[in-house]
Amino acid sequence: MRYDAVVFDLLTALVDSWSLWDSAAGSQEQGRRWRGRYLQLTYGAETYRPYEDLVMEAAQLEDVAADSVETLVRRRDSLSAWPEAPAVLRRLQGKVRTAVVTNCSEELGMRAAISLRHEFDVFVTSERAGYYKPRPEPYRLALSELGIAPERTLFVAGSRYDIPGAGGVGMPVWWHNRIGMDRGDLPAPLFESSTLESLPAAALS
């Protein structure tokens with residue numbers, strides 16, 4: 001097989017967190033603006049800062065009501081997998097090792113993964129790594145715990161910033177671009193798709 005492991009972003013590549021942010025904010029436009037600011041804060045953080053603190057700071061910067069933050073945190077258990085994600089993980093089960101590298105706390109990461117009904121070999125949160133992606137430390141921690149060379153490890157990105165992040169430590173990147181984000185001037189991934197359905201063929205062939 002081409003790869004020995006597949007590593008996933010969690011909150012965008014495997015789980016639909018977009019809908020939760022939009023609902024908590026009251027509209028898609030405000031939800032995307034709020035989340036965009038949150039992502040800027042995480043990418044700019046030198047070391048890990050609590051997820052909830054960054055969410056609140058982003059809300060304040062974008063004039064999002066404080067009760068929207070409370071709603072977002074309260075509804076974390078309503079996060080659901082993309083429809084095809086559990087079946088895709090079942091197709092990979094026993095053929096390659098699987099892992100997660102996610103920009104969130106330990107608690108949120110474990111709760112968000114419940115809907116996937118899959119036991120990952122390695123599960124790295126930014127809280128445990130001490131840094132947020134796209135810094136190299138979270139990706140390298142997953143590779144170290146998997147014990148697999150980066151070139152034999154396929155990274156499934158949700159955010160476009162995972163492309164240079166995972167690619168920067170030597171992993172080929174398969175981009176699950178569910179909502180049609182613009183890649184801008186970032187490097188091209190190995191492959192880009194709006195669904196996960198073709199991932200097993202790419203990982204196992």
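Author: In strand 7, Ala157 has Trp175 as its bridge partner. The model is a predicted one, in which local features need pLDDT of at least 70 and side-chain atom pairs pLDDT 80 or more, while totals for chains, interfaces and linings use all residues. Residues are numbered from 1 along each chain as its sequence is written, and side-chain values use heavy atoms, with hydrogens and water left out.

Reader: What makes strand 6 and strand 7 a pair?

Author: Strands (DSSP runs of E, at least two residues; helices are runs of H or I, at least four, all numbered from the N terminus) pair if DSSP finds at least two bridges between them. Three bridges join strand 6 to strand 7 (residues 173-176), so the pair qualifies, and the two run parallel. Phe155 stands opposite Val173 in strand 7.

Reader: Which strand of residues 5-8 pairs with strand 6, and over how many bridges?

Author: Strand 1, in the parallel sense, over four bridges. Ala5 has Thr153 as its bridge partner in strand 6.

Reader: Why is Thr153 called buried?

Author: Buried means under 20% relative accessible area (exposed is over 50%, partly exposed in between; 1.4 Å probe, protein chains only). Thr153 has 0% relative accessibility, so Thr153 counts as buried.

Reader: Why is strand 6 described as largely enclosed?

Author: Five of the five residues of strand 6 (residues 153-157) are buried, so the strand is largely enclosed by the rest of the structure. Thr153, Phe155 and Ala157 point one way, Leu154 and Val156 the other, and all are buried.

Reader: What does the side chain of Thr153 reach, and at what distance?

Author: The backbone oxygen of Ala149, at 2.9 Å. A polar contact is a pair of N or O atoms within 3.5 Å; within protein, one must be able to donate a hydrogen and the other to accept it, and residues adjacent in sequence count only if both atoms are side-chain atoms.

Reader: Which residues does Thr153 touch beyond four places in sequence?

Author: Tyr3, Ala5, Val7, Leu143, Ile148, Met171 and Pro172, where contact means heavy atoms within 4.5 Å.

Reader: In what order do the strands of the open sheet stand, and which are at the edges?

Author: Six strands form the open sheet in the order 5-4-1-6-7-8, with parallel pairing. Strand 5 (122-125) and strand 8 (191-193) stand at the edges; each has a single partner strand, so one side of each is left without a neighbour in the sheet.
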